Amino acid sequence: MPTSTLRAQLEKDGFVVLRSILPADQLTQLRAAAARTTALATEGGWPHVRTVGKQFPPWTWSAGVGIWGVQHLLNPSLPDAGVFTASYFSDEILGVAKELLGPCGDEELVMELYNLLVRPSDGKDFELRWHRDDIPATATPEQELERLGKPAWHAQWNLALCDNDESLIVVPGSHARARSEVERAADPFEPDMPGQLVVRLNAGDVVFYNNNILHRGRYDGSRERLSLHGSVGHVAGGRLRARNVLQHGVGKWVDDCDFSSLDEKTRTRAEGMRARLVKLGRESGDVGYSLTG
């Protein structure tokens, strides 16, 4: 698919799906690392998790609480951080991101987030309510349009490592308009929102989406899920992106990231992206949280 078509589709629908972007050996390596990381977090060996029953940060793990996500895959303290780091800064991911962001070059990219979304560890179904990532449900139509009228300055993606990933549900085109009266009045967990689409992915497929598209997540407690959930920013985003990223606490460890195992080209890219994130954090101060609950 021509990259101009990718950009046009993202702008029109608010999301775009690419099939089988990873070679088989990399997919196998990532799936094994994700399974180990999930097991580590489920057993309490990695406290940076998303807990069942709570949709937005901050999350606090405690024994007996199920998890639906693992945070901070680039944190060098995580045993498999090297595997995830190579994936995050790879051409397979950032090549697409650069086309969707402009196109732009490596020198304009900002390191952001890399997390793992998993089947609820307690085996129970778990659903996220309809939301936009950086616009509260209480926003008026005018407030929504004011925010949606600004450039997104990010590329966000879910990369499936297992087949039959049907967790992300979106309303195509909703990233470019205020919610309708029907959407505003709908139950937060409405199972059949008008115009909704279930994004269906198999292992190696990726969906890039505008994080202010109206969307929700549906986690099947009986179906295996390992999905890499990442985002990368553009330098022009500045404080507009700061809260989305820094609310997750990456500033506590970003200086310690280890890029030594990357090849020279990728290491240079990674170092530059990290430096721009550090600069963003230094300039932004306390950013609070985008959403609560």
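**Sheet pairing, nonpolar cores and cavities**

In this predicted model, strand β7 (residues 168-170) and strand β8 run antiparallel and are joined by two bridges. Within this pair, isoleucine 169 lies opposite valine 198 of β8. Both strands belong to an open sheet of four strands, ordered β5-β10-β7-β8, in which the pairing is antiparallel. The edges of the sheet are formed by β5 (126-127) and β8 (197-198), each of which pairs on one side only.

The largest nonpolar core comprises 59 residues. The members that touch the most other members are Tyr88, Phe89, Met111, Trp157, Phe208, Leu228 and Val232. Strand β4 (residues 109-118) supplies the largest share of this core, with seven residues.

The surroundings of methionine 111 were examined with its neighbours within four places in sequence left aside. On this basis, methionine 111 is in contact with Leu74, Tyr88, Phe89, Trp253, Val254, Cys257, Met273, Arg274 and Leu277. Of these contacts, Tyr88 and Phe89 are also listed with Met111 among the core residues that touch the most other members.

Three cavities of 30 Å³ or more are present in the structure.

Note on methods: Residues are numbered from 1 along each chain as its sequence is written. This is a predicted model: local features need pLDDT of at least 70, side-chain atom pairs count only at pLDDT 80 or more; totals for chains, interfaces and linings use all residues. Side-chain values use heavy atoms; hydrogens and water are left out. On a 1 Å grid over the protein atoms alone, a cavity is a set of points where a 1.4 Å probe fits but cannot get out, and a pocket is an open set with protein on both sides within 12 Å along at least five of seven lines; lining residues have an atom within 4 Å of a point. Grid points are joined across faces, edges and corners, and a volume is the space filled by probe spheres set on the points. A nonpolar core is a set of buried Ala, Val, Leu, Ile, Met, Phe, Trp, Tyr and Cys residues joined through side-chain atoms within 4.5 Å. Buried means under 20% relative accessible area, exposed over 50%, partly exposed in between (1.4 Å probe, protein chains only). Contact means heavy atoms within 4.5 Å. Two strands pair if DSSP finds at least two bridges between them.
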